[in-house]
Amino acid sequence: MAVLAPKRYWLRTALSWLRVNLFSGWWNTLLTLATLAALYIFVSACLRWGVFNAVPLSGDHNSCLTASGACWAFLHEKADLILTGTYPAPERWRAYTATGVIVALILIQLLAPLRIALRVGLLLGAAGVSYLLLRGGVAGLPLVESHRWNGLPLVLFLSIFSMAAAFPLGIVLALARWSRNRTLNLAAIGYIETVRAIPMVAVLFAGVFVLPLVIARGAAIEPVMAVLLVLVLFYAAYFAEDVRAGLQALPHGQVEAGASLGLSGWQRLRLIVLPQALRTAVPGLTNSVIGSFKDTSLVAIVGMHDLLSTSRMAYADPLWQAYALEANIAIGLFYFLCCWMISERGRLLGHPVAQRG
Amino acid sequence: MYSYPNPMSIPSGPAMPEAISRPPVPDWRTRLRAALWPIALFIGVAVLGLIIMRNVSANLAAAGMEIDFSFLWQEAGFDVSESLVPYTPRDTYARVLLVGILNTLLAAAIVLVLASAIGLVVGIAMTSSNWLVRTLAHAYVELLRNLPKLLILIALYVLMVRGLPHVRSAWSGPFGAQLSNRGLFLPWPVVEHGGDLLAVVTVLWLAAAPFWSRAARRQQDRTGRRPPTLLPLLGIGSAILAVLLLSGMVRVAWSFPVLQGFNISGGMALSLQFTALVVALSVYHGGQIGAIVRGGIVATSTGQREAALALGLDWFKTMRLIVLPQALRVITPPLGNQYSNLLKNTSIALAIGYSDLLSVVSTSINQTFRPIELMMLVALFFLTVNMLISGLVNWLDHAFRLKGR
């Protein structure tokens with residue numbers, strides 16, 4: 001043992017790791033080999049299609065016709081269409097700027113330690129600026145009808161602002177459900193359970209078809225705003241359930257201790273109940289935020305042209321018809337990265353050290 | 001020596017102050033404040049409700065309409081992609097809604113079975129001792145957690161429409177199964193005669209199963225040795241089936257899909273839309289159920305598994321008898337939640353044109369312009385089914401709960 005050469009040590013560790021984790025018995029060995037074989041076939045096919053035989057982004061249509069692999073040039077050719085859809089071409093910079101505003105808002109909210117009031121102010125400001133940019137009709141910008149707000153700005157606008165508004169509403173609903181007051185309790189339970197029982201597509205239908213009947217006669221509501229409103233009402237029920245889980249985990253002694261210190265009801269809520277309950281609720285809320293962000297893609301079903309819908313427009317072009325998979329992979333990559341970042345951020349938030357951030 | 005006071009003598013001592021032994025009675029001010037919020041809420045909701053009702057009736061009156069369900073008995077006039085009950089465009093709206101409901105339930109039932117199977121495999125793979133298998137299973141779950149279900153569905157559907165061969169050069173599988181851009185065609189048994197007898201025998205056989213397993217349980221309690229249950233049941237069932245078939249009392253023929261001209265006839269036809277929906281949702285929910293199953297397995301203590309292995313049970317028996325029954329207790333509530341989500345998620349079928357409930361409702365709204373009535377029916381359906389699911393889950397949760405002695 002003493003003569004073991006130190007440079008051989010890593011080899012021994014690696015071998016023993018392999019033996020324990022991959023080849024511990026005939027069954028595991030078989031499983032490993034079979035999985036490796038399947039993985040090799042799959043990965044090599046993917047690489048051949050997506051890299052070696054593919055036409056890169058800078059390619060052109062003719063080279064796509066002869067190549068046997070993916071045609072990434074399609075994404076480059078149709079980038080504007082996929083990202084902004086039918087937004088008028090001379091005004092596209094507005095759609096991109098609105099996207100930039102929302103992305104900047106997200107980054108600032110995530111990275112900068114700000115006071116709550118400032119955060120709310122920034123959010124409202126960004127909502128107003130991006131709305132006016134997209135809509136136009138002020139400061140000499142031509143008016144763009146809301147059904148032409150497509151693609152990335154629409155996805156970000158709907159998902160970010162609906163979730164931002166649904167969060168406080170969800171907290172209120174959760175507190176109502178948690179409270180000992182019977183009326184509040186029943187109202188909250190009825191609302192939350194009804195909304196959670198109904199599919200989101202049905203709720204979106206209600207927003208598009210029923211909501212215009214509900215508002216005053218003569219007044220009109222843009223479909224985008226109607227969808228935004230029902231998304232807020234829908235997501236709030238889901239957020240409320242997560243917050244409620246956090247509230248239920250809170251020992252009741254905490255509230256009583258606050259009361260015995262002479263704190264008022266509002267102070268107890270703000271200083272004792274919510275900080276602890278929300279922290280406990282972070283994993284559940286992260287899941288719901290991811291789910292809501294993904295589900296915002298369902299607005300495509302009621303005729304909002306989100307990314308799924310604009311990419312469909314792109315591969316509806318007879319010239320580029322064969323490249324639907326490339327577009328779907330690109331959209332999938334976008335959603336995967338966003339959701340992955342959300343879950344990483346959620347993990348950080350649940351971590352006690354990162355609390356001050 | 002110190003003598004402890006007799007507890008019985010305490011009442012004769014100085015009485016405790018009333019205020020401590022009994023909670024203070026709140027004065028009218030506190031009570032008013034407590035009642036203020038609910039009253040404000042009630043008034044707010046009532047006012048909102050009144051405004052909505054006034055607006056709706058004004059809007060409907062302007063269009064010369066009112067809330068009225070009699071349109072349900074008018075002719076629908078549109079066709080559906082597929083139907084479990086006979087349906088023609090000349091049937092009523094009520095009938096087409098029934099078709100939609102049955103299609104939704106059918107898709108949900110098949111997705112439920114497939115997704116549970118995928119979830120079980122993935123969940124067990126996630127806890128595997130094999131690093132490669134474990135990592136791949138984690139990657140699968142993580143990937144599906146981060147992709148929208150609509151994207152999976154549309155990508156799969158477009159891929160199937162474009163990538164599958166024409167009917168004439170369909171891919172054929174074992175037993176004459178055929179996959180083409182028309183859909184999936186499977187061989188299907190057709191009962192030629194003796195169907196009633198077969199149904200009666202099947203019901204009797206199914207009804208006998210719980211009795212058999214209870215008898216086996218009693219035997220186990222008495223002797224400590226559990227007689228086999230599954231194999232004899234299956235054996236008896238196939239023996240009865242063989243007797244019925246051989247004696248000619250029941251005749252079953254297989255109907256195979258056959259290409260005739262430009263179409264395939266015979267067999268069981270599953271449309272491309274249905275196949276895409278079922279595969280996409282099974283894969284999507286399979287990942288989520290996998291994460292739940294993994295949680296359940298991890299929650300059972302390692303000691304249980306080690307004890308089972310020490311008793312000489314093999315891996316399969318350890319899983320089936322020790323780990324999974326305990327995991328089931330943990331996973332029942334989230335699993336029920338998943339099943340209700342899965343039912344709701346069949347509504348994305350609208351994007352590819354499978355005639356589920358919401359898709360026929362969407363067409364009906366466009367034709368009749370009765371969104372309020374139709375959405376009320378949709379909400380009623382989903383609320384009812386959801387209540388049934390959560391009732392079932394509560395009952396199972398109760399049945400599986402660890403019984404204290």
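Predicted model: local features only at pLDDT ≥ 70, side-chain atom pairs only at ≥ 80, totals over all residues.
Residues are numbered from 1 along each chain as its sequence is written, chains are lettered from A and ligands numbered from 1 in the order in which they are written, and side-chain values use heavy atoms, with hydrogens and water left out.

**View 1. The interface between chain B and chain A.** The contact, meaning heavy atoms within 4.5 Å, takes 52 residues from chain B and 55 residues from chain A. The size of an interface is often given as the accessible area lost when the parts come together. Here the buried area, which is the accessible area (1.4 Å probe) that two parts lose on being put together, summed over both, is about 4,600 Å², and carbon and sulfur atoms give 69% of that area.

**View 2. The salt bridge between the two chains.** Side chains of opposite charge can pair when their charged atoms come close. A salt bridge is counted when a side-chain nitrogen of Lys or Arg lies within 4 Å of a carboxyl oxygen of Asp or Glu, and the count between chain B and chain A is one. The partners are A:Asp295 and B:Lys149, whose side chains meet at 2.7 Å, N to O. On the side of chain B that touches chain A, at least two residues each come from several helices, including helix 4 (131–145), helix 5 (149–163) and helix 12 (371–400) of chain B; helices are DSSP runs (H or I, at least four residues), numbered from the N terminus. Helix 2 of chain B gives the largest share of that side, ten residues.

View 3. Chain A is divided into domain 1 (84–149) and domain 2 (163–356), with bounds that come from an automatic or database domain assignment. The centres of these domains of chain A, taken over C-alpha atoms, are separated by 20 Å. Nine residues of domain 1 of chain A touch nine residues of domain 2 of chain A, and the two domains bury about 730 Å² between them, 64% of it on carbon and sulfur atoms. A:Leu110, A:Ser146 and A:Trp149 supply 48% of the area that domain 1 of chain A buries against domain 2 of chain A, more than any other three residues. One salt bridge is counted between these domains of chain A. A salt bridge joins A:Glu222 and A:Arg135, with the closest N and O atoms 3.5 Å apart.

**View 4. The two domains of chain B.** The domain assignment gives chain B domain 1 (32–66) and domain 2 (93–169 + 270–400). Their C-alpha centres in chain B lie 38 Å apart, and the contact takes four residues from domain 1 of chain B and five residues from domain 2 of chain B. Between them, these domains of chain B bury about 270 Å², 63% of it on carbon and sulfur atoms. B:Val56, B:Met65 and B:Glu66 supply 89% of the area that domain 1 of chain B buries against domain 2 of chain B, more than any other three residues. Across this interface of domain 1 and domain 2 of chain B, the rule finds zero salt bridges.

View 5. A disulfide is a covalent bond between the sulfur atoms of two cysteines. With a cut-off of 2.5 Å between the cysteine sulfur atoms, a search of the whole structure finds one disulfide over all chains. A:Cys64 and A:Cys71 form this disulfide, with their sulfur atoms 2.0 Å apart, and the link is right-handed, with 75 degrees about the S-S bond.
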